[in-house]
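Trainee: Could you take me through one part of this model in detail? I would like a close look at the surroundings of the ligand.

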Amino acid sequence: MGVVTVTAETAVPCDVDLSATLQESPRITKLLQDARDLVPGMSGRAQILDSEGRFPAIDFDLLRDIGALSSFIPQRFGGLGLGVDPGGASELFPLLRLIGQGNLAVGRIFEGHANAIKLIHTFGSEAQIERASADLRAGHLFAIWNAETKDGIRILDDNKLSGSKTFCSGAGHVTRALITAKDSCGTRMLLIPLEPGERVGSTGVGMHGMRATHTASMQFDGVVVSTHDFIGTIDDYTREPTFSAGAWRTSAVTLGGLDALLAEMQQQLRARNRHEDPHQLARMGNVLIARETARLWIERAARMEESIGSSPATITGYVNLARVAVESAALEIIRLVQRSLGLSAFLQTNPVERLMRDLAIYLRQPATDEALTEAAAWFLERDFPEDDS
Ligand SMILES: Cc1cc2nc3c(=O)[nH]c(=O)nc-3n(C[C@H](O)[C@H](O)[C@H](O)COP(=O)(O)OP(=O)(O)OC[C@H]3O[C@@H](n4cnc5c(N)ncnc54)[C@H](O)[C@@H]3O)c2cc1C
């Protein structure tokens with residue numbers, strides 16, 4: 001396969017082989033168009049799903065129908081290779097953004113699905129990737145559940161599991177869960193098949209936002225695992241750069257939420273005839289700058305994830321900076337939207353109220369201080385800090 005020349009528009013110092021993706025571009029273009037068509041309906045359903053804390057089943061049926069869930073099947077198994085094949089990260093970016101624009105809760109679950117498949121593709125055996133591809137074709141929803149409290153999952157000597165996971169998005173609806181579990185050697189990844197509704201612990205944890213993610217604890221006591229359930233080897237889950245680099249996907253979904261917020265801000269300012277006021281104009285200008293800043297960071301972070309010319313430390317450092325930059329941009333946009341729309345932005349009848357709640361929750365990603373300071377340390381330790389490629 002030849003290496004495609006990087007155009008001025010996509011000029012980023014990386015040497016990603018995009019040829020495989022380009023061969024499939026008509027199918028990807030169709031998928032993106034179909035996803036774009038789903039956005040208004042998704043946005044329209046978001047309010048009621050949030051107020052009832054209901055899993056977005058219709059949205060996932062529709063995403064399944066257009067082939068979004070199975071788009072992660074590698075090209076060698078007949079799929080689109082989104083997020084897994086060379087060049088697939090950049091192709092996944094607009095899809096994540098569109099779904100985030102439709103409903104951040106759907107985006108959060110969909111990103112978990114993408115993350116799980118990426119981990120299986122990176123660390124699993126060829127047979128496991130093939131089996132996961134068959135599961136994707138059959139319509140299964142995947143998730144990665146890592147968060148846990150003190151009773152985190154242990155693998156006992158008889159290959160039985162004990163313990164639970166917390167903050168499991170899509171609980172009761174995910175039918176292929178990639179979970180982390182500890183044995184005496186370290187942390188392992190296990191792919192567990194689930195029946196709908198099975199093993200769901202406490203729901204309704206009173207979440208401020210992201211209520212439609214159907215996030216709950218999951219009990220795994222007594223599950224017996226076999227060797228082919230293990231994905232990768234000891235501590236692969238936290239292996240860099242995979243562990244940090246995938247954070248761009250969460251940021252891409254966040255960007256979709258910011259798109260939705262901007263659209264509401266624009267439309268509501270116009271509806272109240274406040275859009276020509278110089279203060280409102282200045283705020284809108286700063287909101288646009290912040291959103292574009294976020295987009296530029298994410299676009300490059302997606303390319304960095306699969307840049308074969310960059311060291312793991314460079315990829316990790318860059319994507320960590322990107323995630324902090326996106327968080328800062330989003331918090332600034334929320335502040336400006338609140339100033340622009342005033343109290344009306346806080347009414348439960350206003351979509352902006354839900355969007356801001358969902359964003360506030362979604363921006364709480366693990367160990368943000370560490371992401372920033374480790375990236376700063378990476379920069380300070382380099383011999384040629386002016387070379388940021
Ligand atoms: C709706 C929702 C759905 C979720 N779905 C999933 C899921 O499907 N799968 C999954 O695995 N997880 C899921 N999670 C959990 C999520 O991935 C993170 O665990 C969670 O968002 C972490 O946020 P936090 O702000 O509490 O992080 P923390 O890392 O606890 O950060 C809080 C603050 O403490 C600081 N800090 C962190 N570590 C230390 C330390 N050691 N010492 C001092 N300060 C520290 C941070 O920098 C930050 O300032 C979900 C969460 C939510 C809200």
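Mentor: Happy to! A polar contact here is a pair of N or O atoms within 3.5 Å; within protein, one must be able to donate a hydrogen and the other to accept it, and residues adjacent in sequence count only if both atoms are side-chain atoms. This is a predicted model, where local features need pLDDT of at least 70 and side-chain atom pairs count only at pLDDT 80 or more, while totals for chains, interfaces and linings use all residues. Residues are numbered from 1 along each chain as its sequence is written, and side-chain values use heavy atoms, with hydrogens and water left out.

Let's start at Thr 215, in the loop between strand E6 (187-193) and strand E7 (216-219) (strands are DSSP runs of at least two residues, helices of at least four, H or I, numbered from the N terminus). Thr 215 counts as buried because its relative accessibility is 11%, under the 20% cut-off (1.4 Å probe, protein chains only). Its side chain makes polar contacts with the side chains of Thr 213 at 2.6 Å and Ser 169 at 3.4 Å.

Ser 169 leads us on to the ligand: one of its polar side-chain atoms lies 2.8 Å from a ligand nitrogen. The protein buries 57% of the 960 Å² that the ligand exposes when taken alone (Shrake-Rupley method, 1.4 Å probe). Strand E1 (142-145) and helix H12 (368-381) are the elements that each give two or more residues to the shell.

Notes:
Buried < 20%, exposed > 50% of the residue type's maximum accessible area, 1.4 Å probe, protein only.
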